[in-house]
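Student: I've got a model open and I'd like to talk through how its parts hold together. Can we take it step by step?

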Amino acid sequence: MPVEKPLAIVTGGSTGIGRQIVLTLAGAGWDVAFTYKGAAAEAEETARTAEVAGAGVWQAESDVGIAGEVNDFHDGVLERFGRAADLLVNNAGVQTWAPLLELAEEDWDRVIRTNLKGCFLNTQAAARRLVAAKKGGAIINIGSGSNRIAFPRLVDYTASKGGIEMFTKVAAAELGEHGIRVNCVAPGAIEIERTRLESPDYAETWGAITPLRRVGQPQDVASAVLMLAGPEAGFITGQTIMVDGGLFCLPNWPYRPGQ
């Protein structure tokens with residue numbers, strides 16, 4: 001009998017770091033289901049590329065902050081693959097850029113709903129199905145350097161990512177008895193299309209203050225996810241792995257709060 005491939009769910013898998021996680025898992029022999037929001041063309045391209053690597057792939061537009069859409073997506077994964085996912089990667093996230101005194105309430109709500117509530121809803125949905133299937137699994141939450149460091153002008157984003165780190169710990173404590181491991185991967189300065197648009201000299205600015213003297217690439221984050229998803233990490237849970245080139249072991253911040 002052929003060996004059944006492991007199955008992963010990745011939220012926000014059409015672009016950026018999420019896309020690289022999808023492709024890395026596909027290349028390592030996983031089937032992958034991923035969500036996207038408003039990026040249908042990019043989702044199709046990501047799915048085609050993953051299929052070339054030999055993966056079974058399904059993608060669907062889903063708002064990670066709406067419980068009904070989250071449960072519909074997880075039910076869709078069960079229907080299409082016939083089994084619960086072995087791995088959930090909570091990657092979907094949004095970011096705003098505004099000082100605390102100017103941050104709009106609707107931006108705060110959108111960031112917290114997507115980043116933190118989305119992590120909660122998808123973890124709950126995936127874990128319920130794993131427990132019902134009586135099999136263990138892994139959940140990996142994508143955090144940030146702002147898990148631990150105060151980032152000026154990113155108050156809502158920082159609050160959401162700090163919440164994700166503590167959510168990771170309590171989820172690991174509660175789900176461990178079911179054989180479900182929960183960890184957090186916290187990237188530092190990662191060069192993606194969004195960060196290049198935000199700052200044309202992004203790589204130079206952040207690379208100069210990173211101990212490894214470069215910024216990270218999406219593959220650096222995807223490699224950490226793949227490691228934590230595998231059997232080699234079978235006794236690792238409740239942890240945050242910083243993928244930052246050593247950046248946040250130093251008290252550096254290249255911008256003044258007023259900039």
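Predicted model: local features only at pLDDT ≥ 70, side-chain atom pairs only at ≥ 80, totals over all residues.

Student: Which lysine meets the side chain of Asp-63 in a salt bridge?

Tutor: Look in the loop between β2 and α2 (40-52), while Asp-63 itself sits in the loop between β3 (57-61) and α3 (67-81). The pair therefore ties together parts that are 26 residues apart in sequence. With 4.0 Å from N to O, it's Lys-37.

Student: And how far apart are the closest N and O atoms of Arg-113 and Asp-63?

Tutor: Arg-113 belongs to helix α4 (residues 105-133), and the pair links distant parts of the chain, 50 residues apart. Arg-113 is partly exposed, with 29% relative accessibility. Its salt bridge with Asp-63 has its closest N and O atoms at 2.9 Å.

Student: Moving to Asp-31, what is the N to O distance in its salt bridge with Lys-5?

Tutor: Asp-31 is in strand β2 (residues 31-36) and Lys-5 in the segment before β1 (7-10), so this contact also joins parts 26 residues apart in sequence. Asp-31 counts as buried at 10% relative accessibility, whereas Lys-5 is partly exposed at 28%. From N to O, the distance is 3.8 Å.

Student: Which residues are linked with Asp-31 in a network of salt bridges?

Tutor: Lys-5 is one of them, as its side chain meets that of Asp-31. The network takes in other charged residues too, and its members besides Asp-31 are Glu-4, Lys-5 and Arg-83.

Student: How many salt bridges does a search of the whole structure find?

Tutor: We've been through some of them, including Asp-63 with Lys-37 and Arg-113 with Asp-63. For the whole structure, the search gives 10.

Student: Now the sheet: which strands stand at its edges?

Tutor: Read along the order β3-β2-β1-β4-β5-β6-β7, an open sheet of 7 strands with parallel pairing. An edge strand has a single partner, so one side of it is left without a neighbour in the sheet. That holds for β3 and β7 (240-243).

Student: How many residues of β3 are buried?

Tutor: β3 pairs with β2 in the parallel sense over 5 bridges, so to speak its one flank in the sheet. β3 is mostly covered, and the buried count among its 5 residues is 4.

Student: Which residue of β3 stands opposite Val-32?

Tutor: β2 and β3 run parallel here, and the chain crosses from β2 through α2 to β3 in a right-handed β-α-β crossover. Opposite Val-32 stands Val-57.

Student: What angle does the direction of α2 make with that of β3?

Tutor: α2 packs on the sheet and touches both β2 and β3. Its direction makes an angle with that of β3 of about 170°.

Student: Last one: at what angle does α4 run to β4?

Tutor: α4, the helix that holds Arg-113, lies across β4 (87-90), β5 (137-142) and β6 (180-187). Relative to β4, α4 runs at about 175°.

Terms used:
Residues numbered from 1 in each chain as written. Heavy atoms only, no water. Helix = DSSP H or I, 4+ residues; strand = E, 2+ residues; numbered from the N terminus. Buried < 20%, exposed > 50% of the residue type's maximum accessible area, 1.4 Å probe, protein only. Pairing = 2+ DSSP bridges. Right-handed = clockwise from strand over helix to strand, strands pointing away. Contact = heavy atoms within 4.5 Å. Axes fitted to C-alpha atoms, helices over the stretch in contact; angles between N-to-C directions.
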